[in-house]
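Visitor: I'd like to learn how to read a protein model. Could you walk me through one?

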Amino acid sequence: MAAEINIKNLGGGKVIAYLNGRLDVAVSGDIEEKLVAAIEKDSIKNMVLNMDKVEYMSSSGFRVAIALLRRLKDEGGQLKICCLKPAVKRIFDVIELTSLFEIFDSEESAVASLG
Amino acid sequence: MNRSAVTQKYSEKFTATIHEVPKIKEFVEKTLKDWFVREEDLQDIVLASDEAATNIVMHAYNGENKQENTLKIMIKKKGNLIEIDMEDTGLTFDIRTLPKPDIQLNLKGQKRGGFGVFLMKTLMDKINYKRKKDCNVTVLLKKINDG
């Protein structure tokens, strides 16, 4: 299944973006466009990317995450990632990007870290 | 599709577009599952194949996404060695020559990507390339665990 996005607005420029499905080259451009559009439309500064329902991610998914991180940091905001499936987390480790992102086991802890 | 259980060799031809890459992934995944390849090895080979196919579409075929562009995949199992041959008719393109990703340039937005080739090189044991007539032949190799 191609990735779908649902966005939950927490107010105060904070959102949780839920990704669902696979995050690969066929869908990553569309996902990035939709998330960046949401950031611009609602003046979002802080985002939690909940990837609990992402069963597969290729390097195209990393490009989306890096683009979001850059965008939010430019606005003085933050990107937190949570709930990675073991197979996806392993790829973050292999590509040595774990240190680049703040990754949390639970959505609650990721949201709490936004302050 | 040409499937021969005796020779442990499956092949299929795909259209070389980004929307076809998930089908290539599924073909590799199904074949490896048929061979009862261990989950961790399976995930590595599937992702490396996805990245290789993506790079061929984007570089050998310049991301044209034309229906006439083709990518032939052949998967072989020889003992505990998995070999994936990818043959395209695009521009001369040796996947091994792509540079390592630069995270800082990616963060600055001055460069995008480069992680796919790094993943391929890390997840597979070896990547070979040769130009055969008007084709690029990219070969991914990985020894799998029997257990």
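Visitor: In which helix is Ser28(A) found?

Guide: Ser28(A) is found in helix α1 of chain A; helices here are DSSP runs of H or I with at least four residues, strands are runs of E with at least two, and both are numbered from the N terminus. This is a predicted model, where local features need pLDDT of at least 70 and side-chain atom pairs count only at pLDDT 80 or more, while totals for chains, interfaces and linings use all residues. Residues are numbered from 1 along each chain as its sequence is written, chains are lettered from A and ligands numbered from 1 in the order in which they are written, and side-chain values use heavy atoms, with hydrogens and water left out.

Visitor: Is Ser28(A) buried or exposed?

Guide: Buried means under 20% relative accessible area, exposed means over 50%, and partly exposed is in between, using a 1.4 Å probe and protein chains only. Ser28(A) has 8%, so it is buried. It touches Leu23(A), Ser60(A) and Val64(A), leaving out residues up to four places away in sequence; contact means heavy atoms within 4.5 Å. Ser28(A) and Val64(A) are 36 residues apart along the chain, yet their C-alpha atoms are separated by 6.6 Å.

Visitor: How do I describe two packed helices?

Guide: You give the angle between their axes and the distance between the axes. Axes are lines fitted to C-alpha atoms, for helices over the stretch in contact, and angles run from 0 to 180 degrees between N-to-C directions. In chain A, the axes of α1 (residues 25-41) and α2 (residues 59-74) come within 9 Å and cross at roughly 15°. That is why α1(A) and α2(A) are roughly parallel: the label covers angles under 35 degrees, while over 145 is roughly antiparallel, 65 to 115 is roughly perpendicular and the rest is oblique. Among the residues making the contact are Ser28(A), Ile31(A) and Leu35(A) of α1(A), with Val64(A) and Leu68(A) of α2(A).

Visitor: Which helices pack at an angle of about 100°?

Guide: Those are α3 (residues 86-94) of chain A and α4 (residues 115-123) of chain B, with their axes 10 Å apart. At that angle, α3(A) and α4(B) are therefore roughly perpendicular. Here Arg90(A), Ile91(A) and Val94(A) meet Phe118(B), Leu119(B), Thr122(B) and Leu123(B).

Visitor: Where do nonpolar side chains tend to be in soluble globular proteins?

Guide: They tend to be buried together. A nonpolar core is a set of buried Ala, Val, Leu, Ile, Met, Phe, Trp, Tyr and Cys residues joined through side-chain atoms within 4.5 Å. The largest one here has 77 residues, and Met47(A), Leu49(A) and Met51(A) have the most contacts inside it. Its largest share, ten residues, comes from helix α2 (residues 39-60) of chain B. Apart from that core lies another, of seven residues, including Val48(A) and Phe104(A).
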